[in-house]
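Keep in mind that the model is predicted.

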Amino acid sequence: MRDIAVFTGSAHPELAKEICEHLGVMLSPTKIDRFANDCIEVQLQGNCRERDVFLIQPLVPPTQEHLAELLFMLNAARGASAGRITVVLPHYAYARSDKKDAPRISIGGRLVADLLTTAGADRVLAMTLHSPQVHGFFNIPVDHLHALRELAHHFRGYDLSNTVVVSPDLGNAKEAAAFARMLGVEVAAGAKQRFADDKVVISSVIGEVTDRDVIVLDDEIAKGSTVFELLARLRERNVRSVRVACTHGLFTNDAIKRLAAEKEIEEIVCTNTVPIPREKADDKLTVISVAPALAEAMRRIHNGESVSALFA
């Protein structure tokens with residue numbers, strides 16, 4: 001593939017390398033330094049002039065550090081006369097800040113979108129945004145992928161004759177319904193209220209789950225508060241087994257160990273949109289790669305082909 005340059009920051013270089021392997025291109029080096037006053041300096045050590053530049057950087061902890069790296073990478077690419085700059089966001093952390101649900105709070109999803117555009121982004125390639133309205137925060141083209149196809153491929157290897165997909169809340173019910181159709185199973189949803197970042201209450205489960213094998217589907221899992229609350233309601237309904245699936249497996253602190261310790265949970269499945277340290281690995285954890293999907297989308301963007309056709 002010609003006239004393409006791919007760079008990455010320090011957030012998830014393993015994913016960037018895997019994407020480049022599928023594209024058949026070299027990952028161009030990026031030099032990130034700090035001055036004595038702790039200011040970041042970024043140098044893209046590859047030719048950008050009139051090339052189709054892709055910057056791969058999920059916004060994962062330390063999120064602000066990785067956001068700053070991305071902004072500096074954008075500024076460097078624009079200053080190097082890149083022909084077009086596409087930001088590849090496997091995980092857009094600020095997508096959760098998508099509404100004003102309390103007085104005098106910032107809407108980070110919109111602010112960061114504006115920052116990326118101002119820094120030089122011409123388009124964005126994102127994976128599983130937290131809510132549909134985040135797409136509209138960007139004033140540049142956005143190609144929005146999801147990992148349902150990859151997750152469905154994994155679960156088709158099981159006996160699904162007695163299975164139901166459960167969304168933890170009604171906001172994710174549409175994605176859960178699409179996932180259930182892919183698997184040819186029924187769907188249910190929890191009635192969730194969030195009172196704080198780590199405090200949620202699920203009052204009931206809408207749908208038939210008694211004596212069923214359950215696949216809990218969410219877009220991301222951080223502390224796992226929602227899953228634990230849903231698991232309590234599923235126990236009350238005497239479900240037979242539980243498998244947990246998500247796109248973004250952040251698993252902060254000891255979330256994986258706590259989830260794996262629940263006897264009803266047979267498996268935890270996520271993708272590699274965010275890095276998962278080795279020390280967090282568990283026998284119940286399965287990580288699926290989205291590098292082929294991101295690489296194909298990048299190839300289509302570069303060649304001017306339809307990205308939506310990936311989901312046809």
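## Two helices side by side

Start with α2 and α3: they pack at an angle of about 25 degrees, and their axes are 8 Å apart. Angles under 35 degrees count as roughly parallel, so α2 is roughly parallel to α3.

On the α2 side, the contact is made by Leu67, Leu70, Leu71, Leu74, Asn75 and Arg78. α3 brings Val112, Leu115, Leu116, Thr118 and Ala119. Sorted by class, that contact has 8 nonpolar, 2 polar and 1 charged residues.

## A closer look at α2

The buried residues of α2 are Thr63, His66, Leu67, Glu69, Leu70, Leu71, Met73, Leu74 and Ala77. Their cover includes β1, β2, β3, β4, β5 and α3.

Nonpolar side chains tend to be buried together in soluble globular proteins. Here the largest nonpolar core has 34 residues, and Leu74, Tyr92, Leu116 and Phe138 have the most contacts inside it. β1, β3, β4, α2, β5, α3 and β6 each supply at least two of its residues, with the largest share, 6 residues, coming from α2.

Leaving out residues up to four places away in sequence, leucine 74 touches Leu55, Ile85, Val87, Leu116, Ala119, Gly120 and Ala121. There's also a second, separate core of 27 residues, with Ala188, Ile202, Ile221 and Val239 among them.

Notes
Residues numbered from 1 in each chain as written. Predicted model: local features only at pLDDT ≥ 70, side-chain atom pairs only at ≥ 80, totals over all residues. Heavy atoms only, no water. Core = buried A, V, L, I, M, F, W, Y, C linked by side-chain atoms within 4.5 Å. Buried < 20%, exposed > 50% of the residue type's maximum accessible area, 1.4 Å probe, protein only. Helix = DSSP H or I, 4+ residues; strand = E, 2+ residues; numbered from the N terminus. Contact = heavy atoms within 4.5 Å. Axes fitted to C-alpha atoms, helices over the stretch in contact; angles between N-to-C directions. Parallel < 35°, antiparallel > 145°, perpendicular 65-115°, else oblique. Nonpolar A, V, L, I, M, F, W, Y, C, P; charged D, E, K, R; others polar.
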